[in-house]
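Please keep the structure open beside you as you read.

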Amino acid sequence: MIHLSKSLSVGEELSTYIIDVFDELMYQNKKIVVVKNDSKSPKKWENLRKENLEQLFHLEVSEENLIGIAAGLNLVEYTPFVHISHPIDIRKMFDQLFISDWYVEKTLNILGLNSRSIAKKKKKNYTAEEDIALMAMIPHSIVCEAADHIQMAWIMKEFSQYPGVHYVRGNNKRGANVYAKGSIFQLGKGNILCNGTDILMIVAGQFVFEALSVANHLKAYKISCEVIDMFTIKPIDHQLILDESSGKKQVITMENYVVIGGLSSAVECVLAEYQISVSLKKIAVVKLLEQMSPSQQEAGLAIHSIAQIILESYRK
């Protein structure tokens with residue numbers, strides 16, 4: 001069962017929480033190892049329990065070789081987590097990942113952090129916007145995007161228990177705590193965060209908080225919005241989409257990457273497969289930021305811009 005945070009307070013960077021989760025996982029299971037090659041990692045890695053340090057592999061190698069090493073560790077019955085600092089690394093390691101891990105049925109968990117902010121963008125970040133699409137292409141893979149550190153910790157612990165190729169990404173910027181401690185999720189199942197009758201908003205990751213804010217903003221226009229956190233993008237929750245889109249005037253998807261191959265594509269496939277006749281509006285942060293002026297981005301007007309886009313689309 002999930003519980004929403006009462007305060008939606010801003011927490012620490014996601015990476016600091018992730019290190020604590022790794023520390024716990026490695027202490028409980030000596031077969032769990034972390035493989036990474038980021039030279040600018042937080043110093044908090046030094047705070048791992050001494051007995052866990054042998055399970056941390058900080059290697060000065062390319063992303064492709066990192067995947068090969070992780071595959072080798074799984075060959076000798078370790079459960080590897082590959083920690084990457086930029087989703088663009090998925091593009092660099094994809095062929096090796098497909099051949100060395102999925103093709104030979106190895107287990108590999110990949111955790112990617114995105115530094116993009118939807119409210120501020122002074123310069124282009126070293127990031128990629130097609131990591132979700134690439135990972136979804138791998139047969140039987142599980143692809144998630146975490147809304148906050150509570151959800152990220154749960155996903156990491158869940159991944160550690162299953163064989164196969166798994167990917168979870170999150171935004172490393174300090175963001176709102178959406179969920180309260182003790183929340184329990186289910187892979188492949190979305191979560192209804194607020195009910196509504198007019199618009200169904202299906203979101204994941206850092207857009208969860210924005211969607212809740214937009215839904216509240218649109219109440220002033222007498223528009224009732226339902227918000228679903230579809231944190232598992234693959235496999236997506238078909239039944240929830242079918243049930244909650246029924247009777248709605250419009251479905252909105254919002255994602256922190258390109259609109260091809262990600263959340264919106266998965267939702268679109270479900271609606272098309274079951275011949276659901278409903279208007280679908282896709283919002284991608286990449287395009288949104290390109291349309292906003294630097295002053296708007298600096299002022300944090302992303303929520304208002306999203307609301308305006310939805311209003312214009314809804315009124316057509």
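## Two strands side by side

Let us start with a pair of strands. Strand β11 (residues 250-255) and β12 run parallel to each other and are joined over six bridges. Within this pair, V251 sits opposite L280 of β12. Two strands count as paired here if DSSP finds at least two bridges between them. Strands are DSSP runs of E with at least two residues, helices are runs of H or I with at least four residues, and both are numbered from the N terminus.

A word on the source: this is a predicted model, in which local features need pLDDT of at least 70 and side-chain atom pairs count only at pLDDT 80 or more, while totals for chains, interfaces and linings use all residues. Residues are numbered from 1 along each chain as its sequence is written, and side-chain values use heavy atoms, with hydrogens and water left out.

Is strand β8 (residues 199-203) enclosed or open? Five of its five residues are buried, so the rest of the structure largely encloses this strand. Buried means under 20% relative accessible area, exposed means over 50%, and partly exposed lies in between (1.4 Å probe, protein chains only). I199, M201 and V203 point one way from β8, while L200 and I202 point the other way.

With β11, β8 pairs in the parallel sense over five bridges, and L200 has V251 of β11 as its bridge partner. β8 also pairs in the parallel sense with strand β9 (residues 225-229), over five bridges. There, V203 has D229 in β9 as its bridge partner.

## Backbone details in the loops

Most residues other than glycine have a negative phi, and most peptide bonds are trans. The peptide bond from K234 to P235 is cis, with omega near -5°, and P235 belongs to the loop between β10 (232-234) and α7 (238-245).

E77, which is not a glycine, has a positive phi near 75°. E77 lies in the loop between α2 (63-75) and β3 (79-84) and is exposed, at a relative accessible area of 62%. H140 has a positive phi too, of about 65°. H140 is in the loop between α4 (131-136) and β5 (142-145), and its 71% relative accessibility makes it exposed.

Where is the kink in α3 centred? The kink, of about 55°, is centred on F94. The bend at a residue is the angle between axes fitted to the seven residues ending there and the seven starting there. Helix α3 (residues 88-102) has 15 residues that should span 21 Å at 1.5 Å a residue, and its end C-alpha atoms are 20 Å apart, which agrees. The expected span is 1.5 Å times one less than the number of residues. Among the buried residues of α3 are I90, M93, F94 and L97.

Helix α11 (residues 302-314) has 13 residues and reaches 18 Å from its first C-alpha to its last, close to the 18 Å expected. Its buried residues include A302, I306, I310 and L311.

## Cysteines

How many disulfides does the structure hold? There are zero disulfides, a disulfide being a pair of cysteine sulfur atoms within 2.5 Å. For C194, the nearest cysteine sulfur is that of C225, 7.5 Å away. C194 is partly exposed, with a relative accessible area of 22%, whereas C144 is buried at 0% relative accessibility.
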